[in-house]
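Have the model open beside you and follow along.

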Amino acid sequence: MSIEEAVTESAPIFPPPERFQQGEVPVPHINSLEQYKELHEESVKNPTAFWGRVAKELLHWYRPFTQVNYGGFVDGDVQWFSDGQLNVAYNCVDRHAFANPDKVAIIWESDEPGQGEKITYRQLYQEVGKFANVLKKYKVRKGDTVCIYMPMVPEAAYAMLACARIGAVHSVVFAGFSADALRDRIQDAGCKILVTADQGKRGGKSIGLKVIADQALADCPSIEKVIVYQRTGDISVPFSSPRDVWWHEEVDNQSPVCPAETMNAEDPLFMLYTSGSTGKPKGVVHTTAGYLLGATATVKYIFDLHENDRFGCMADVGWITGHSYIVYGPLSNGITTVIFESIPTYPTPSRYWQLIDDHQLTQFYTAPTAIRALRRLGDEHVEPYKLDSLRVLGSVGEPINPEAWLWYHKVIGRERCAIVDTYWQTETGSIIVTPLPGAIATKPGSATLPFFGIDLAVLDPTTGQELLGNDVTGVLAIRQPFPSIARTVYDNHIRYLDTYMKPYHKYYFTGDGVTRDADGYYWIRGRVDDVINVSGHRLSTAEIESALILHPACAEAAVVGINDDVTGQAIVCFASLKSHHADETAITKAFVAQIRTHIGPFATPKRIVITPELPKTRSGKIMRRILRKVAGQEVTLADLEDEDGLRNKLGDLSTLADPSIVPTLIKKVAGRQ
Ligand code: PRX
């Protein structure tokens, strides 16, 4: 069943699990719909009182704030707690290391099962302190930018927290990005230091991160030092002395004590690049207090954290989910978090379930793509596991189809866990639409209701008028600022305003389509801009097109997303050539390689269609609507027999400069030409 069908048919409703009220497990922090409604109403009607209270309750401040919120979406000048002072590393590490030094902060599950380790809050304090001192030794100062290009090892978190400790701004680049993508991000942010590893390990394979980094650095003069963590030691890594230094040699002689810098609430904490609707990714900037508060409060209430919980988020630290729900949110709450280095199918499709039982995880958070892929592999990989430590199961990154939701609920949750389908974005910093385990009944496929402080509006996409009441479909916007909303795009505030604030005056525009159903529940419909979401990885069609155009043989390219049963969406590229090329297979391979080199392997297209022309209007605009339908095989060879039928399916074709391109494209996709 598609989400489309699920919204329109009366969806089944799952109340919060009964055992949450029976004393068998901790009583949920938010324990009834009434309590949620009351708090939500306060949070949007009186955000100053609500967030002022929560910020004092959840965070440690060096200097308390006197002003809670300032600015808004009209001018894009949002501030929270602006005269307060604090340090994120102090909040995530020190306060727990002092109170509970032997508590496990991080469970590191290594690629090869059984080779991981557990890191206590005391050790975390020491490792972060040592690495912060290394950064200081290399003259990293408050406000400097540090690039982190690391595999999923605890050192990635140490590096992030060390930056936070001394006030440096980190820019984590996902280790699946190519040398070109890494170079562009380092250049844009003007990073002074690169933290990387000799190799990364994933699913039994090694990835030569240092070699890739060296390629990137050929054109990054701002980098003064490269600190290399030795993950495998398997290869002799090229070292360029004195620029390159080994992590282990550097930390060896450092003191574990490094005073945490006093930071202003609005000082930047990190930037993270994400795709927009142009070819150039943007460095979304999050600031200290607001971001930390959003991450801390959401994970506490949405995953209903209690003191002895072990929280397993399977994302990568290179994405926002890893920032907020592997590192900052769980550690700020002082619980135990998991850093998972491997993939769900290595060495067997039971890896996640084994992990949950081995470490007695209480919450588990992953993406619909993984859920769908594991469901396909069969229940026999899950059945031998108890999974009885779990209370809350989360989903993130893309719409979850009801079948996958139900499987998650029945086969993994054994019908005794709450399922939280959490909707948010890199820009929002933390979850904004979600069920709360003890309070909000769920409908498979719906992210349900807004989190505290989130004031949602559904707008008519064309007029921008707000669609009031229930049973409405439009675009999703947010009416007023909340603490963890991004403050700017690095070095480009105009782009920030143009992308998020200008499309609909007075609102923050999410870029997603949405339905608010008869019960007021929100169903996210996916992007309405040129952003596509492959396995929960966000890519812009323009970014992929820019990569293709750089290939000497490519004349023009247009990229569309099509639905895919496992990855949610998949990439299809249409390209025309500068001159006839006899060997289409070879050119297709070259184009795939081009995208992998420019962006990274995760952007590998499902299909490349070489076409003599792209479908264009007389004024030269590419008609993507046609490409989307042809690529998704909504029109097929059979439709070519019926002109009216074809028009019905593709819409008005009269504006096409050359209508004969349509049959050519259909035949190409069907493999008949
Ligand atoms: O389209 C929405 C989709 O992912 C986009 C944000 O991508 P990114 O910034 O990479 O962050 C992903 C992790 C938060 C959104 O604009 N998206 C995210 N979560 C959901 C979702 N779509 C539907 N349901 C979700 N739960």
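The entries below go from the ligand to the salt bridges and then to a sheet.

**Ground rules**

I am working with a predicted model, in which local features need pLDDT of at least 70, side-chain atom pairs count only at pLDDT 80 or more, and totals for chains, interfaces and linings use all residues. I number residues from 1 along each chain as its sequence is written, and my side-chain values use heavy atoms, with hydrogens and water left out.

**Entry 1: the ligand**

I found 17 residues around the ligand, and the closest are Asp421, Thr422, Thr426, Asp512 and Arg538. By type, the shell holds 6 nonpolar, 6 polar and 5 charged residues.

Which elements supply at least two residues of the shell each? I noted helix 11 (320-332), strand 20 (418-422) and strand 25 (522-527). Helices (H or I, at least four residues) and strands (E, at least two) are DSSP runs, numbered from the N terminus.

A polar side-chain atom of Asp512 is 2.5 Å from a ligand oxygen. Asp421 places a polar side-chain atom 2.8 Å from a ligand nitrogen. Glu398 uses a polar backbone atom instead, 3.4 Å from a nitrogen of the ligand. I then checked the cover: on its own the ligand has 540 Å² of accessible area, and the protein covers 96% of that (Shrake-Rupley method, 1.4 Å probe).

**Entry 2: salt bridges**

I searched the whole structure and got 36 salt bridges, each a side-chain nitrogen of Lys or Arg within 4 Å of a carboxyl oxygen of Asp or Glu.

Lys137 and Glu250 have their closest N and O atoms 2.8 Å apart. Buried or partly exposed? Lys137 is partly exposed at 39% relative accessibility, while Glu250 is buried at 9%. My cut-offs are under 20% relative accessible area for buried and over 50% for exposed, with partly exposed in between (1.4 Å probe, protein chains only).

Arg231 and Glu341 meet at 2.7 Å, N to O. Arg231 is in the loop between strand 11 (225-229) and strand 12 (244-246), and Glu341 in the loop between strand 17 (336-340) and helix 12 (351-359), so the bridge ties together parts 110 residues apart in sequence. Both Arg231 and Glu341 are buried.

Glu584 and Lys668 come to 3.0 Å between their closest N and O atoms. Glu584 sits in helix 17 (residues 584-598) and Lys668 in helix 20 (residues 661-669), 84 residues apart. I also jotted down a network of salt bridges with shared partners, joining Lys210, Asp214, Arg243 and Asp244.

I traced an open sheet of 8 strands in the order 12-11-8-6-7-14-15-23, with mixed pairing; two strands pair if DSSP finds at least two bridges between them. Why do strand 12 and strand 23 (488-489) stand at the edges? Each has a single partner strand, so one side of each is left without a neighbour in the sheet.

Inside my notes on pairing, strand 14 (residues 268-274) and strand 15 (residues 282-287) run antiparallel and are joined by 6 bridges. Phe270 faces His286 of strand 15.

Key: A residue is near a molecule or strand if one of its heavy atoms lies within 4 Å of it. A polar contact is a pair of N or O atoms within 3.5 Å; within protein, one must be able to donate a hydrogen and the other to accept it, and residues adjacent in sequence count only if both atoms are side-chain atoms. Ala, Val, Leu, Ile, Met, Phe, Trp, Tyr, Cys and Pro count as nonpolar, Asp, Glu, Lys and Arg as charged, and the others, Gly among them, as polar.
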